[in-house]
Amino acid sequence: MEFQIIWFVLWGTLWAVYFMLDGFDFGVGILHSFLAKNDAEKRVIINTVGPVWDGNEVWLITAGGATFAAFPTTYALMFSYLYSALLIILFALIFRGVAFEFRGKVDSDSWKKGWDIAIFLGSFVPALLFGVAFGNIFQGLPMDAEGYHGTLFTLLNPYGLLTGILFVLLFVVHGALWLSVKTNGGISTRASMIANKTWYALLIVAVLFLIYTAFATNLYANYLQSILWFVVPVIAVLALLGIKLFASKGQHLKAFYSSCLTIVMVTFTGVIGLYPNLIPSSIDPKYSLTIFNSSSSIYTLKIMTVVALLFVPVVIAYQIWVYRIFRHKLTVDGVMKDEEAY
Amino acid sequence: MDALTLSRLQFAATAAFHFIFVPLTLGLSILTAYMETLYVRTNDELYLKMTKFWGKLFLINFALGVVTGITMEFQFGMNWAEYSKYVGDIFGAPLAIEATVAFFMESTFIGLWIFGWNKVSKKVHALSIWLVAIATNLSALWILLANGWMQKPVGYILRNNRAEMVDFMALVTNPYGWLKFSHTLLSGYVIAAFFVMGISAYHLLKKNKTDFFKRSFKMGATFALFTSILLFIVGDFHAAEVAKSQPTKFAAMESLWETQKAVPYNLLVIPDPANERNAVEAIGIPKLLSFLAFHDGNAEIKGLKEFPKGDRPPVMITFLSFRGMAALGILFMLLSLISYVVSKMDRLESNRILLRIMLYSIPLPYIAGQLGWLVAEVGRQPWIVYGVLRTSDAVSKAITPSQVWVSLIGFTLFYGLLGIIDIYLLTKYSKKGPDDDLSSIIKMSREV
């Protein structure tokens with residue numbers, strides 16, 4: 001049994017790290033057209049995530065791969081039940097990826113405008129839909145022995161949409177803080193202002209989310225059984241308050257770390273509430289996909305545990321190393337001079 | 001059309017599109033890394049210019065390979081849920097390992113390589129493109145071990161209504177997977193070598209930067225010569241493995257209907273699948289097919305009639321694709337040899353016909369690669385996992401034909417658009433040629 005739990009924790013961690021990292025890419029992508037006063041500033045904004053967005057996105061691919069390897073039944077049913085929603089996320093992510101790479105390759109205003117729209121949609125749509133998807137997973141999907149009794153529009157229920165908005169606001173604040181850390185002067189000031197203002201909206205939505213969760217989902221049941229777990233959502237709330245505390249003092253890096261912590265703890269809050277389910281059934285708990293009834297064999301889980309223990313620390317080490325190499329602030333001058341920049 | 005047919009079409013289309021970009025990535029990453037290594041070793045700026053020029057084309061191509069790869073991972077669950085449930089225990093592992101050991105490395109160090117020119121030392125910069133090259137090749141290994149398992153399932157038992165892994169090492173050492181990996185890898189190297197030769201030929205025809213493109217062409221030709229010969233040799237071993245593990249695929253590749261011993265190789269064959277025979281069989285070389293299949297001229301080869309009709313793959317596509325691929329493979333060795341000799345003798349500029357041929361040969365290795373995948377995947381039908389699970393039992397139950405219609409049309413339009421943009425950019429930057437001014441990079445990297 002314990003290997004399923006190990007993989008449940010790893011599964012949650014992969015998603016948490018993915019949202020923490022690609023989250024600021026999404027925020028930057030959503031904000032870049034609104035924050036920049038001219039093309040040079042747009043390029044600065046895009047280049048803050050240039051060296052890292054691709055590596056960040058791999059956390060998603062690994063989360064998908066880990067779901068496949070460790071919980072194949074969940075992988076199969078989740079991906080086929082959410083076919084249309086995933087298709088939209090997929091197109092959006094493809095659009096964003098090529099937009100980053102191709103935007104600067106032709107010197108034409110309409111070319112760049114087109115890719116700017118692609119970057120916006122490729123960031124906003126996945127941010128929203130990942131939230132909608134997780135909101136629906138928290139609530140449970142209408143599924144039974146016969147399969148899934150819903151459509152794309154079933155997912156767009158009030159709780160799903162609220163979770164979607166929560167994700168978008170989290171990532172906008174996160175991305176704005178990233179920009180205020182990674183740039184100087186006008187962009188940094190404007191980004192900081194947006195982070196500070198959006199934070200109020202985030203706070204309101206977060207409170208609504210925590211309350212609505214009690215009515216729409218079963219997530220709190222685990223917490224009531226073992227009060228100690230409440231420490232996770234409490235840290236999430238404290239980290240959320242920390243963002244404002246640091247941001248209003250102009251301590252952007254600390255504010256950014258707080259928003260990292262907020263995103264990770266929000267994800268864990270949901271994941272802990274789900275246990276032992278990966279996808280609950282909203283029709284009857286006996287149809288829920290749990291980590292026990294949808295997992296791979298113990299042999300496979302053991303092999304995958306060894307692989308994860310060997311390689312994930314190495315991945316984390318070299319990603320941190322690359323982040324450190326690119327830790328400096330970007331300036332308009334520097335980006336304009338750099339031929340290789342996006 | 002039903003969801004099964006549409007899903008098969010969609011998987012074929014998205015995989016074929018993905019495989020336009022991936023093989024060039026496999027080969028061009030190595031060539032670019034080699035160029036940069038030469039620059040670090042010799043300090044010859046021409047090698048730096050080569051790194052920058054071919055590296056730029058590499059990046060334009062790389063972007064589409066990466067993003068279209070996500071589609072492949074998602075589709076196993078989206079369209080092939082029954083497959084994923086049935087084999088996920090053993091098939092999911094190599095995919096997850098691929099992401100963990102290869103995708104992270106590739107995606108992290110490509111960022112360092114693009115943006116790190118002035119931030120790390122020359123050696124570390126060259127190391128980063130080597131890590132990208134190693135990672136892309138490693139990624140090919142794991143996905144082809146996964147595909148190798150679909151072709152020749154090993155290391156599993158059927159238990160709890162699914163295929164469960166019992167021997168991970170059997171999966172990792174599956175000879176089918178390694179042959180598929182070597183063959184695919186080498187085909188990517190040939191694609192890259194012909195790409196470099198073809199674009200160099202374009203500029204040499206225009207007498208543009210001849211020193212730069214002669215050196216590029218020569219590097220491409222040397223790479224092409226080695227890899228095209230190895231490709232053919234590995235291809236021969238691969239076919240022998242198919243004869244052993246997938247008799248129906250092998251019989252379809254050769255359009256062999258009757259079980260025979262000491263089978264000749266007929267140079268001219270026109271299959272007539274409707275009547276379960278060949279309309280024409282001529283110019284036979286005695287015992288050659290038996291020799292190719294089992295390295296024994298008298299060996300028996302099973303014909304298609306040995307198997308129930310429901311277990312046979314489509315003969316025409318498999319046969320034509322295999323013949324086309326093999327013929328192209330021979331052509332590549334010939335062209336590589338001529339190109340190598342001519343560039344070695346420094347006679348490229350006066351051989352305008354060769355240059356023209358090499359320019360128009362750029363698409364040929366791509367076509368051969370696509371034909372190879374048709375042999376591999378169509379030839380495996382009606383099985384999705386050879387002998388274990390039928391393709392018709394693998395499709396998702398939850399998806400409707402209209403959903404897949406929408407996604408198939410969406411992919412076609414979206415990928416079509418991306419393909420046009422990518423070819424436009426590749427052409428634009430290929431024609432533009434190398435930048436002359438590298439002063440900023442050289443100056444700044446000295447400061448590090």
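Author: N161(B) is exposed, with 8 other C-beta atoms within 10 Å; a residue is buried at 20 or more such neighbours, exposed at 12 or fewer and partly exposed in between, with C-beta atoms placed from the backbone. This is a predicted model, in which local features need pLDDT of at least 70 and side-chain atom pairs count only at pLDDT 80 or more, while totals for chains, interfaces and linings use all residues. Residues are numbered from 1 along each chain as its sequence is written, and chains are lettered from A and ligands numbered from 1 in the order in which they are written.

N161(B) sits in the loop between β1 (156–159) and β2 of chain B; helices (H or I, at least four residues) and strands (E, at least two) are DSSP runs, numbered from the N terminus. Although N161(B) is not a glycine, its phi is positive, about 60°. S255(B) is another residue other than glycine with a positive phi, near 50°. S255(B) belongs to the loop between α8 (247–254) and β3 (260–261) of chain B. Its surroundings are given by a count of 24 C-beta neighbours inside 10 Å, so S255(B) is buried.

A further loop of chain B, between α12 (363–378) and β7 (383–385), holds P382(B). The peptide bond between Q381(B) and P382(B) is cis, with omega about 5°. Chain A has a cis peptide bond from Y275(A) to P276(A), where omega is near 0°. P276(A) lies in the loop between α11 and β3 (277–279) of chain A.

The contact draws 55 residues from chain B and 56 residues from chain A, where two residues are in contact if their C-beta atoms, placed from the backbone, lie within 7 Å. On the side of chain B that touches chain A, at least two residues each come from α2 (45–78), α3 (81–115), β2 (162–165) and α13 (401–432) of chain B. Of these, α3(B) gives the largest share, 23 residues. Sorted by class, that side of chain B has 34 nonpolar, 15 polar and six charged residues; Ala, Val, Leu, Ile, Met, Phe, Trp, Tyr, Cys and Pro count as nonpolar, Asp, Glu, Lys and Arg as charged, and the others, Gly among them, as polar.

The helix α2(B) also packs against helix α7 (residues 210–245) of chain B, at an angle of about 70° and with the axes 11 Å apart. Axes are lines fitted to C-alpha atoms, for helices over the stretch in contact, and angles run from 0 to 180 degrees between N-to-C directions. The two helices α2(B) and α7(B) are therefore roughly perpendicular (65 to 115 degrees; under 35 is roughly parallel, over 145 roughly antiparallel, and the rest oblique). L46(B), K49(B) and M50(B) of α2(B) make this contact with D211(B), F212(B), R215(B) and S216(B) of α7(B). By class these residues are three nonpolar, one polar and three charged. I229(B) is also in α7(B), and with 17 C-beta neighbours inside 10 Å it counts as partly exposed. Its C-alpha atom is 8.5 Å from that of F332(B), 103 residues apart along the chain.

The contact of α7(A) with α11(A) has 10 nonpolar, five polar and no charged residues. F256(A), in α11(A), is buried, with 25 C-beta neighbours inside 10 Å. Leaving aside neighbours within four places in sequence, F256(A) is in contact with L177(A), W178(A) and V181(A). The C-alpha atoms of F256(A) and V181(A) are 7.9 Å apart, though 75 residues separate them along the chain.

Two other helices of chain A complete the picture. Helix α3 (residues 53–70) of chain A has 18 residues and should span 26 Å at 1.5 Å a residue, which agrees with the 26 Å between its end C-alpha atoms; the expected span is 1.5 Å times one less than the number of residues. In α3(A), 18 of 18 residues are buried. Helix α5 (residues 83–102) of chain A, with 20 residues, reaches 28 Å from its first C-alpha to its last, close to the 28 Å expected. Of the 20 residues of α5(A), 16 are buried, so α5(A) is largely enclosed by the rest of the structure.
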